[in-house]
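Hi everyone, thanks for coming. I'd like to walk you through a model this morning, starting with confidence and then turning to the fold of one chain.

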Amino acid sequence: MLRQVAISCLIAALALPALARTRPHYGGTLRVEVEGDPWQRPGGLARSLVLDGLTTMSPEGTAQPALAVEWKSENDDHRWQFRLRPGVHFHDGTSLNSSGVVASLTAVCGAACPWTAMHAVGSSVVFTSDSPIANLPELLAGDDYRIALAGAGNPETAPIGTGPFQFKGFSNGVITLAANDNCWQGRPFLDAVEMRIHRPIRDQWLDLSVGRADLVEVPAEQMRQAHDQRLTVVASPPALLLALAVSDTGALANPNLRAAIALSVDRSALSNVIFQKQGEITASLLPAEVTGYAFLFPTDRDLGKAHELRGGAAPPLLTLAVEGGAAMQLAAQRIALNLRDAGFNIQVAAAATPQHIDLTLRRFQLESNQPQPALESILRAAGLAVPVPQSTPEELYKIERQVLDTHMLIPLLYLPRAYGVGGRVRDLRLSLDGTPQLANVSLSDAQPEVTP
Amino acid sequence: MTPRSGLRRVSKIAVLILLVAGWFRSAAAASSPWEQPAAALAEQIAAILGPGQAHLIIRNNSQISTDEIPAIRAFLEQDLKARSIQASGAESANIIRVTLSENFRERLWVAEIVEGNETRLAMIRLQAGAEQPQAMIGGLTLRNQSIFTTIQPVLAALEIGNDLVLVESEEIVIYAHSTDGWKQQTLVGIGQRKPLPRDPGPLFYLPRAGQGSGAGVAGMSCQGATQPTKDWSIHCRESDDPWLLTPPQSTQRGASADMNIQLTPLRAFYNSARDYFTGVVTPSIGADLPPFYTAVLLPRSDGGGLLLNGIDGKVMFAEGGALKPVTGARDWVSDFATLDSGCGPGIQIVASGSGEAIADSLRAYDLPALEAIPASAPLTMDGTVTALWTAPDNKSIFVVVRKTAAPAHAETYEVDRVTASCN
């Protein structure tokens with residue numbers, strides 16, 4: 001598995017024109033194209049450029065200071081205190097303070113926050129919780145908890161943050177972000193990022209090939225095609241978990257039926273046919289790179305046992321919904337075929353369908369490469385709020401085993417996030433969740449500005 | 001020789017061979033990184049399985065070389081046997097399936113203990129790659145010694161006499177060495193008004209001791225005492241004056257032991273908004289210099305010159321009014337410094353390398369005939385090298401390394417002194 005990561009990194013290294021090892025140049029405008037909404041949560045690219053979190057994840061997978069410079073837990077992780085970085089300003093000049101952070105986080109999650117209460121105390125923010133939150137610093141590094149200036153801007157399309165870029169405008173389908181000269185992390189090298197949104201992948205690649213774009217998306221299922229077309233591709237380690245969320249009500253209230261579904265899916269076919277061997281087959285919620293024990297969850301299809309568990313009677317018609325685009329639709333069709341092989345009667349429907357959904361094919365973002373916060377965020381996103389304390393690998397395995405034995409979440413594949421990169425882009429890195437770190441990117445043809 | 005005495009002799013030799021073999025095995029075991037983890041895993045297995053027989057299967061899902069597996073198996077069998085578990089054939093009802101796995105942080109050895117329909121687990125964690133010995137390459141070995149750690153971002157550091165001068169983003173702090181460690185002696189605000197650029201590496205200079213001390217941070221210039229004394233006096237002002245690249249009237253040892261080079265103080269104009277020297281230097285050295293990030297004076301047998309790292313990534317050497325390319329410097333990042341190691345040609349260039357890696361490294365290079373040839377193995381710095389600077393005596397280098405410290409969660413800056421010893 002690690003070899004695959006190494007290969008991914010190698011691909012990334014080869015992809016980057018980093019051979020001229022020099023300090024980066026300042027200046028220039030990076031042209032990015034995306035298929036979806038760059039403000040969406042989690043993982044929206046524009047969000048990551050405009051908004052910072054209290055913490056951020058280091059490449060080693062630990063929480064490190066961002067808007068908070070230090071933190072401490074008390075009372076067995078029931079109380080956490082985060083001290084804010086002094087001298088930080090929002091893009092409109094407003095000073096970052098603890099009450100602003102409380103207001104921002106309250107707006108984000110309200111009553112559904114992982115903590116019970118949150119208070120501004122001087123230059124610190126104090127979180128308290130009825131149950132211990134051992135991983136709060138790592139959780140706060142997640143995309144959901146980025147800090148925006150409450151009550152200003154449009155939080156969904158033009159938030160005001162403290163990040164390296166600030167929103168400047170939107171016209172003709174292009175979001176313009178300008179460098180934040182006063183960024184607490186230092187001004188980014190780029191002067192601006194122009195982000196063309198809702199651009200089909202085919203058009204993105206065309207724009208990259210004729211030099212109209214510098215950074216475009218490469219879905220996992222099209223990575224091979226991108227290589228064939230000689231695109232320079234930068235790929236992340238596994239970042240997206242493809243999984244079936246299974247309802248425990250209605251026809252699938254019977255746990256044996258859910259177990260039969262888990263045994264019916266042919267993960268290899270999904271990986272080979274739909275995702276062009278770019279996925280990593282998994283029956284574990286966390287990838288092997290994160291835990292080292294993923295092999296303990298067998299991925300093999302066992303139709304015989306599935307038939308046995310299903311019993312003689314065929315269940316009523318099941319509905320399988322899909323979140324995502326064409327590849328996800330194809331994957332859902334493939335899964336439906338697998339389930340029919342096991343004697344299930346199933347139809348594929350759009351996620352927005354009003355009828356009862358028995359199964360949903362979903363993508364979950366891997367938000368950390370530390371197993372505890374990563375597992376907790378996936379479970380939270382799946383609506384299975386199981387606390388994951390700091391634990392040994394054995395204890396973590398037991399928690400994961402316990403969740404998976406309910407068969408309410410059936411992991412299928414881990415997919416990378418990948419991007420096609422133009423020749424003038426330098427020093428592009430992807431964060432753990434596969435988001436491009438554009439604040440450190442520079443352009444090889446940027447013209448140095450003359451000092452006044 | 002009688003048959004009996006011959007037998008005795010053979011027995012003695014056999015015993016000797018066994019003793020020697022045993023000694024070798026003990027010696028191998030003592031140096032093996034697998035002995036302790038194998039024992040720990042065997043202990044957990046024994047606690048689950050109890051005395052008896054089991055079929056031992058080992059699977060390698062890690063980057064451990066397959067050559068190492070027999071040794072690991074031997075350790076496991078020996079440790080299980082010591083706990084009354086005999087490794088047996090496939091016919092055994094009990095199976096111990098050991099998977100040598102790993103994640104990106106550490107190795108994980110997992111034992112699945114199968115008794116009938118029941119499978120129980122044991123896991124142990126090992127530090128990844130700790131068993132890798134460091135190779136000795138080239139004519140010298142670099143060693144680093146941590147001398148100071150702080151949570152404040154350090155832009156530059158220099159030890160002058162008993163004092164440690166730290167240039168931080170907003171202040172210059174002088175620490176004095178005492179029996180209790182470093183004690184803060186003086187703190188002077190720089191009065192920095194502009195936010196620092198993202199890449200603050202070149203935004204400082206600290207001329208060598210004995211000729212005055214100074215520092216520049218994004219449009220500010222600070223000057224310290226001419227000679228380090230107990231009473232430091234530092235004054236900062238806004239300035240776009242050219243920065244001092246080389247100290248006035250400095251004398252450096254040349255590549256030939258008897259050669260000394262008198263150097264004229266050289267100043268360079270700095271683009272404080274964009275982190276580089278413009279290429280305009282005063283007085284002129286006869287060659288048109290490109291914009292550059294770093295420049296050091298490098299004595300050579302036929303004189304001396306200025307080694308510089310252009311903003312286009314090319315390393316050039318300016319001497320005799322001409323600008324010549326340096327080859328073999330492809331792995332260099334933009335920072336380098338000279339080190340008078342006394343090994344080989346005497347003076348090496350130490351360059352930071354591998355911006356792609358999580359941990360940067362330093363490596364020494366000789367520069368004969370304008371080709372950079374590695375003179376040492378890379379020295380991993382366990383963090384990101386943000387600045388390096390030659391010490392006043394030229395015998396060591398001061399390095400600032402940015403680290404993320406666990407479990408305090410805080411980012412720390414460590415000042416290291418890097419020295420060289422000849423191989």
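Residues are numbered from 1 along each chain as its sequence is written, while chains are lettered from A and ligands numbered from 1 in the order in which they are written. This is a predicted model, so local features need a pLDDT of at least 70 and side-chain atom pairs count only at pLDDT 80 or more, whereas totals for chains, interfaces and linings use all residues.

By pLDDT, the predictor's confidence in each residue from 0 to 100, chain A averages 87, with 91% of its residues scoring at least 70. Residues 1-21 of chain A stay under 50, and the model has 42 contacts for them beyond four places in sequence; a contact here is two residues whose C-beta atoms, placed from the backbone, lie within 7 Å.

Chain B has a mean pLDDT of 75, and 72% of its residues reach 70 or more. Where in chain B is confidence lowest, and where is it highest? It is lowest in strand β16 (residues 260-262), at a mean of 36, and highest in strand β3 (residues 94-102), at 94. My labels are DSSP runs numbered from the N terminus: helices are H or I with at least four residues, strands are E with at least two. Residues 130-136 of chain B also stay under 50, with 7 contacts beyond four places in sequence.

Now to the sheets of chain B. Strands pair if DSSP finds at least two bridges between them. One open sheet has 5 strands in the order β2-β1-β3-β4-β5 (chain B), with mixed pairing. Its edge strands are β2 and β5 (118-127) of chain B, each pairing on one side only. Neighbouring strands are turned by 30 degrees against each other on average, direction ignored.

Let's zoom in on β1 (residues 52-60) of chain B. β1(B) pairs with β2 (residues 85-88) of chain B in the parallel sense over 4 bridges, and with β3(B), again parallel, over 6 bridges. B:H55 is a handy landmark: its bridge partner in β2(B) is B:S88, and it stands opposite B:I95 in β3(B).

Next, the helices. β1(B), helix α3 (residues 69-82) of chain B and β2(B) make a right-handed β-α-β unit; right-handed means that, with the strands pointing away from the viewer, the path from the first strand over the helix to the second runs clockwise. The axes of helix α2 (residues 35-49) of chain B and α3(B) come within 8 Å and cross at roughly 45 degrees. Axes are lines fitted to C-alpha atoms, for helices over the stretch in contact, with angles from 0 to 180 degrees between N-to-C directions. α2(B) and α3(B) are therefore oblique to each other, given that under 35 degrees counts as roughly parallel, over 145 as roughly antiparallel, 65 to 115 as roughly perpendicular and the rest as oblique. Among the residues that meet are B:A38, B:L41 and B:I45 in α2(B), and B:I72, B:F75 and B:L76 in α3(B).

Finally, chain B has an open sheet of 4 strands, β7-β8-β9-β10, with antiparallel pairing. β7 (154-160) and β10 (181-189) of chain B each have a single partner strand, so one side of each is left without a neighbour in the sheet.
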